[in-house]
Amino acid sequence: MIRQWLIFQFVAMVLVTSSEITLASEIDFENDVYPILEDNCLFCHGEDEQESGLRLDRRGYMLRGGDSGLAAVVPEHPEKSYLIDVINHVDEEMAMPPDEDKIADEDIDLITRWIQAGAVWPGQMDDIAEEEIDHWAFLPRQTEFDQDCIDDFLREKLAGAGVSFSDTADARSLIRRASIVLTGLAPTPERTTQFIEAFAEDRDAEERNAAYENLIEELLASPHFGERWAQHWLDVIRWAETNGSESNLYRKNAWMYRDYVVRSFNEDKPYDEFIREQLAGDVLGHGDATGFLVAGPHVPAATVGQEPTAIRQARADRMDEVLQTVGASMMGVTIGCARCHNHKFDPISIQDYYSMSAAFQDVEFGSRFPELADDHPRVLRSTQLRSHLDDQRQEMRSNGWAWVEDWTGYEEVHFPTQTIDEMRIVFNGRWVMLDEMEILEADGEHRNVLAPELGAVITDNPSTHVASQPTSNLNNGVFGTKGWRGVSKKGNKETPWLQFEFPKTVSVSSIRLSSNREDFLETDYLEGMNKSKYGDFNIEILDDDGQWRPFASTAAMRKKSTDIEQRQALQQKIQEVIGALIVEGPQPAFLAQFVEPVETFVLARGSPESPRDRVHAAAPNRLGGDLGIDPESPGALRRQAFADWLVSPENPLTARVMANRIWHHIFGSGIVPTPSDFGLAGAPPTHPELLDWLTGQFIESNWSMKSMVRMIVLSDAFKQSNAPNEAGLAKDATAQLLWRFPPRRVEAEVIRDSVLQASGRLDPTIGGPSYRIHNVKKRYAQWEVVDNHGDETWRRMLYQERMRRVDDRIFTAFDFPDCGQIRAKRPVSTTPLQALNLMNSDFVVNQATLLAERARSERGDAIDAQVIRCFELLLCRQPSQDELEASIEVAKTQSLELLCRTLINTNEFAFLP
Amino acid sequence: MSLGAIALSQLLAKDNLLASTSGVGPIRPDIDDENPYAARNPHFEMPAKQVLVIYCPGAVSHVDTFDYKPDLYKLDGQKPPGIPQVTFEGPTGNIAKPFWDFKPRGESGKMVSDLLPNLAGMVDDFCFMHSLTTQTSAHPQGENFMNTGFTMEGFPSFGAWVTYALGCETDELPAFVAINDPRGLARSGKNNFGSGFLPAAFQGTDFTASNPPANLGRPNAYTSDADRASVSLLQRLNAKHLQQFPGDADLAARIASYELAGRMQTSVPDVMDIANEPAHVHKSYGTESGTELKKAYANNCILARRLLEKGVRVVQLFNGSDPAGGNGITNWDSHSEIEKTHAMQAEIMDQPTAALIADLKQRGMLEHTLVVWCTEFGRMPFLQANGTGRDHNPDAFTCFLAGAGVKKGFSYGESDEFGFKAAVNETSVYDFNATLLHLMGLNHERLTYYHNGLERRLTNVHGHVVKDVLA
């Protein structure tokens, strides 16, 4: 096991003993109980060996328990004592002693009675096993330093290793490096030339500094800054626009969260606010921020199956995804380890894990209409469009007409107001399905008279009744495939109908109904979604003779709305307004749903079938995790309190983790090289003091991420040349100490975006729905790439639909994450598939053509000028004489297009200078 | 260690995550960055150098194929106590006897049903495992579990782990090839052969006998002369660039990757050229008889053998796809009309698979090739309520091994008298995967990769090698 090769452990077990109080007891511990333990338990759970981290040779250890996180002994409560469970073989998989006979019944009885009587162990009644934290990341930051700038901290270490900073990089490298690191885009040739002039070596230092600082300010202010840094954040939380799992369905409008992240980085939103909003944006006026909580994959109900144990397991898995997201991204700790037992390395117990899950117990994977401020453009637009709609509906009504409105995911049937006690809907079709139905009052708030609390009685045609899908499903608020169904079997002359009896007379004027509104709310790009599975129907009311009489028919409404000219025009206008409302008004988006939190229990060994003690919302106990809230607090308050704990200046992790992340994305490796694991299993910081100093600066700057980036890229360390030298390579080959700027391959996005920018075809639009490269698919089918290169795709790759575990057939090969697991840093691998994709894909061939066209149109007929332009556009430099000659040769004998394809494939293009 | 190896090993050193030398910690593969596919030594010597995984998505019914349960005939149509009310798809029905007759086969007399007559004829070469259990009743999670060791998304596949550990014996072909079913990808899609958090270099490259890898061919826009000129200029520009960074392994590796890509452009079409195989080979695999799907799958089987012959380390061959991937049936998931749907699927799988294994044997390749036939779980001994099919059974199913390092004509473990639950020598998927790695000369506890706070393994923190199946 992993623990075996750890050099040290973060906890030191300390037994605190104090004065004695001797308790009277009928059971003689020394003579009766201890020998049983000695014979059966202590060989593996004693002073010499502690299997599963458990010791039973001192009372304090017994109370604490082992790795399972469950107390072995709870005095006076044998039913809560894990020791009693395991010696009784309650769970065959955890039966003690192992591979041996059960302890004799009378001995078990004796131990049970001993615990019942208070587990009296003479001389040890005040023992407590405490754990001391001595791992740096969980201790408070250092606040006194000998140095006061990044370079000085680095220089000290470098001097210790006998190396020093390299010279400043040349201007061209510097602008290319800064542009890519800050915005993910190479600079234009024009901006490069401008900078080279301003940064020329013959200028004085002040001028050069000003030129560089101007460049950095320009890049920080660029809207592309937010795109670049959003990409990093989305990797960390494995955000994607599909669920993963079998059907891997698209998550409707999930991109709204992506745009929130881009905006936050661009606005330089303080990091503490960024955290608060992502955890509790629903109550902070940033509904789109909560997409964070459901960034991970999940298995939708339809593919979980019907076994209750599987359903409980799936919910526990979803909660685990939420905790992993919070833990890895904001805390820099691998929370998931404590799901089944106490964390092996870090001060997180199984109780902590489930207390954290209590803090997020109201989170569920799904869509909602995000909360928007009153002056949000979507809200304003919606008010305007609703008012148009009201006018047009009024006109319909004034003519006494009835009509059907198509709202994509559902229909609304409007008819002249009926004041009634009963109503019937008789379907034309023989096989019908509805998930929800609302009958709306004519006046006021258009209350739904089928709301369960109003007590309407719904029955259906007994001859078409389907027992497993009863009428009670029609108003249970659950959308999806498990609604009501009516089936008229062969030979049955009747079709399905529904009958409604209202406890009080109601005046109603419309019906809203759907077959599967879940699809409309939750997903997209699915074949056959939003199709009605109930067809046309008649609405009937009782006449004076007590007979059902149809007064409206949807088939007739549809016919009249096409046949009668005036009506057709009006119907068309209504549909147009509805169409606009669906797109421009508030929209449902996959940004999490919030449910009533249920009670949370510790699940022994991670199994939902083994609930133990109830826990309340808290952060890890040994990290000062008391949230100071009422145990019955509503979900949002719990999440807010958790966010408060995270961003408290005393929290040793949050700010350090983010400061390190920013460093990591700039230099390619963090001061802590494992950016999402600050625990004992992660790597220690190379420059612990520098990290704490940076963290202090970060908090003092009001958690400004741009200030942090600015400070780092203005350092000499960042501006150094990346050229190797013998001394550096010999002492510190990977430049961990930063004697040079470490070279590295750029990410998939940088390659694609920079090609588009070079060809002049990059559409710089920020945000909005992702560009599509995949098909519209069947529910249970794989996504397939349809077009990954056409002009609709000429946007930054951040906006390419991010499908979990789907290969885009070009850039996925460049270590683009599959979004299944947290990805704090992307591996960089080199494969022949990358070469094939970059040499032969339609995208590259197409862009090479556009590049050549651009070079020709900008430089005219002279081949050498064209070739030079290609170098400028792709590499931001002039070719050397031999490069020029060889390139002209290729351009002449083959084509300029081929030269562009070749340049796109060069190492120079793919590596950060 | 070559110059190229510096980069990755230093990267690991930088993370302070180098292998311990104590004999119990991780064993890091000695990866040459200039060629991450270069062959590497196993942890210990075993006969198997290559592995062929035949994966049957959808869940093959063990009680209708290899796990003979006479009691099912006695209890046919009854519902004895102990059968749950609800399983994965809903309410349960009565016990159903096997839909095909069982007969003793080979010298070992192993009872196998008539559903798979060709494979049945080879039982003396197989090592059956009858007491497998999994953690889930759902296909995608089951596929993930079987192929990546976790039910969740995002973990490296078995093939990726093996490739990461061992590299490859050929420098002309990908180290790990996934041959998808002619109908398309299985339900977990790319997870089944993905690299998860391992570097992308170790993912399976997917192609079939009829579909080459993406972007393999020269674009129509360029002539072969042009293509050569482009490669030659690229080499020249890269060589000049490299002069500024002497000895840089990452740059050198990228140059080398273009050379390997160039070789693949010739060698992949060569290996895919199965039309040149002799007529008797086509006949034995069945590429010209039966349904179109069977013919296509038979071609894939020939491709599998050709890839193994060339030294590809891992070949993963799929017999079934996602439910929406084809006409009629798409995999072994027979919730209804099992008699018809399992027979349709068996027609595709049986002859070509048997011919493939026989071919490997006849060529002496089984001496160094491990063959694994597997599926994600079993099917229930009873029908679904009022139904004609069997629901998912996570508590007992059968897989078999053959070839290098495994016993022949042997059966390990037993399910209970109904085939409902594993009864003797219960074997988890962790144990199964631990055993497969062991057969490849790899210690499943020491083949690890640091990711997000943990030394990750194919077998998580579980798994025991099933020693009884080792030859």
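Visitor: In what sense do strands E6(B) and E14(B) pair, parallel or antiparallel?
Guide: Keep in mind that this is a predicted model. Strand E6 covers residues 126-133 of chain B, and E14 covers residues 410-412 of chain B. One of the pairs puts B:Met129 opposite B:Tyr412. Over three bridges, the sense of the pairing is parallel.

Visitor: And which residue in E13(B) stands opposite B:Cys127?
Guide: Here E6(B) pairs with strand E13, residues 397-403 of chain B, in the antiparallel sense. Five bridges link E6(B) and E13(B). Opposite B:Cys127 you'll find B:Leu401.

Visitor: What is the bridge partner of B:Leu132 in E17(B)?
Guide: E17 is a strand of chain B, residues 427-428. E6(B) pairs with E17(B) in the parallel sense, over two bridges. For B:Leu132, the partner in E17(B) is B:Thr427.

Visitor: How many residues of E6(B) are buried?
Guide: Strand E6(B) is mostly covered. Counting along residues 126-133, the buried ones come to eight of eight.

Visitor: Over in chain A, how do H14(A) and H17(A) run, roughly parallel or roughly antiparallel?
Guide: H14 (residues 377-398) and H17 (residues 565-584) pack with their axes 10 Å apart, at an angle of about 165 degrees. Angles over 145 degrees count as roughly antiparallel. That's why H14(A) and H17(A) are roughly antiparallel.

Visitor: How many charged residues are in the contact of H14(A) with H17(A)?
Guide: On the H14(A) side, the residues include A:Arg378, A:Arg381 and A:Glu395, and they meet a set in H17(A) that includes A:Lys573 and A:Glu584. By class, this contact has eight nonpolar residues and three polar ones, and the charged residues number five.

Visitor: Which element gives the most to the side of chain A that touches chain B?
Guide: The contact takes 78 residues from chain A and 76 from chain B. Elements giving two or more residues on the chain A side are H12, H25, H28, H29 and H30. With seven residues, the one that gives the most is H25(A).

Visitor: What covers the buried residues of H25(A) from chain B?
Guide: Nine of the nine residues of H25(A), 832-840, are buried, among them A:Pro832, A:Leu836 and A:Asn840. From chain A, the cover includes helices H26 and H29. From chain B, the cover includes strand E8 (205-206) and helix H7 (249-272).

Note on methods. Residues numbered from 1 in each chain as written. Chains lettered and ligands numbered in written order. Predicted model: local features only at pLDDT ≥ 70, side-chain atom pairs only at ≥ 80, totals over all residues. Buried ≥ 20, exposed ≤ 12 C-beta atoms within 10 Å, placed from the backbone. Helix = DSSP H or I, 4+ residues; strand = E, 2+ residues; numbered from the N terminus. Contact = placed C-beta atoms within 7 Å. Axes fitted to C-alpha atoms, helices over the stretch in contact; angles between N-to-C directions. Parallel < 35°, antiparallel > 145°, perpendicular 65-115°, else oblique. Nonpolar A, V, L, I, M, F, W, Y, C, P; charged D, E, K, R; others polar. Pairing = 2+ DSSP bridges.
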